[in-house]
Amino acid sequence: MSFLIQLRKIFTIMSEPIKQRYDDIRKSSSDSRNYRGLKLSNDLTVLLINDPNTDISAASLSVAVGNLSNPKNIPGLAHLCEHMLFMGTKKYPNENEFSQFVTQNGGNYSACTAMDHTNYHCSSNTDSLRPLLDRFSRFFSEPLFTPSTVEREINAVNSEHNKNKVIDSCRLGQLKRSMADPNHPFNMFKTGTLFLVT
């Protein structure tokens with residue numbers, strides 16, 4: 001069974017039925033990978049890429065919520081949510097379960113909160129793709145957001161801010177934001193700190 005067919009079955013089982021399929025994706029003539037686009041019945045857009053020359057599989061999901069969506073009185077909320085989705089789900093409540101699974105299966109994971117979206121991505125060896133996607137998809141359907149974890153992750157966001165505030169590009173970015181129209185969301189502090197959320 002081809003890798004694309006396996007992925008199609010996984011996405012059908014784990015989410016919504018496929019509404020549209022796109023096999024005419026343009027690519028470079030030197031690109032040996034196969035591509036398929038899917039539109040699920042819940043309007044989620046999926047791009048599947050099959051590379052027969054790799055033994056690592058990866059998944060990435062972008063959510064159309066970022067720093068510009070933060071409430072004015074809670075700067076950094078989108079960034080905190082980014083952190084929280086990794087901290088346990090209803091089916092996998094152990095806070096370290098996802099990171100342990102990924103590490104044990106030769107992969108990695110991370111996320112990034114941008115102005116208009118947040119991207120989550122992870123990888124593992126190809127044999128572990130189905131259980132990886134089962135864990136990953138539950139971030140978005142059944143996160144726990146337990147109070148004790150929220151408190152720890154607020155501290156993690158604060159540590160990240162303290163690490164970044166000495167980096168010139170981060171400082172210049174905040175200077176640009178502070179000079180923007182105070183009524184525009186771009187003006188707000190984006191990453192959050194312990195001081196601002198307590």
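The model is predicted, so to speak by its record: local features need pLDDT of at least 70, side-chain atom pairs count only at pLDDT 80 or more, and totals for chains, interfaces and linings use all residues. Residues are numbered from 1 along each chain as its sequence is written, and side-chain values use heavy atoms, with hydrogens and water left out.

**Exercise 1. Work out how helices H2 and H5 pack.**

Step 1: find them. H2 covers residues 77–84 and H5 residues 147–164; helices here are DSSP runs (H or I, at least four residues), strands are E runs of at least two, and both are numbered from the N terminus.

Step 2: get the geometry. The angle is about 120 degrees and the axes are 9 Å apart, with axes fitted to C-alpha atoms over the stretch in contact and angles running from 0 to 180 degrees between N-to-C directions. The crossing is right-handed, that is, the near helix is turned clockwise from the far one by less than a right angle.

Step 3: list who touches whom (heavy atoms within 4.5 Å). From H2 come His-79, Leu-80, His-83 and Met-84, and they meet Thr-149, Val-150, Glu-153, Ile-154, Ala-156, Val-157 and Glu-160 of H5. That contact splits into 6 nonpolar, 3 polar and 2 charged residues.

**Exercise 2. Find what the salt bridge between Asp-23 and Arg-36 joins.**

Step 1: check the pair. Their side chains meet at 2.7 Å, N to O; the rule asks for a side-chain nitrogen of Lys or Arg within 4 Å of a carboxyl oxygen of Asp or Glu.

Step 2: Asp-23 sits in the loop between strands S1 (18–22) and S2 (34–40) and Arg-36 in S2, so the bridge ties together parts 13 residues apart in sequence.

Step 3: count. The total is 9 salt bridges.

**Exercise 3. Describe the lining of the second largest pocket.**

Step 1: take its volume, about 530 Å³. A pocket is an open set of points on a 1 Å grid, with protein on both sides within 12 Å along at least five of seven lines, where lining residues have an atom within 4 Å of a point.

Step 2: look at the lining. Of 27 residues, Asn-67, Cys-170, Arg-177, Lys-190 and Thr-191 lie nearest the centre.

Step 3: sort them. H6 gives the largest share, 7 residues, and by class there are 10 nonpolar, 10 polar and 7 charged.

Notes:
Ala, Val, Leu, Ile, Met, Phe, Trp, Tyr, Cys and Pro count as nonpolar, Asp, Glu, Lys and Arg as charged, and the others, Gly among them, as polar. On a 1 Å grid over the protein atoms alone, a cavity is a set of points where a 1.4 Å probe fits but cannot get out, and a pocket is an open set with protein on both sides within 12 Å along at least five of seven lines; lining residues have an atom within 4 Å of a point. Grid points are joined across faces, edges and corners, and a volume is the space filled by probe spheres set on the points.
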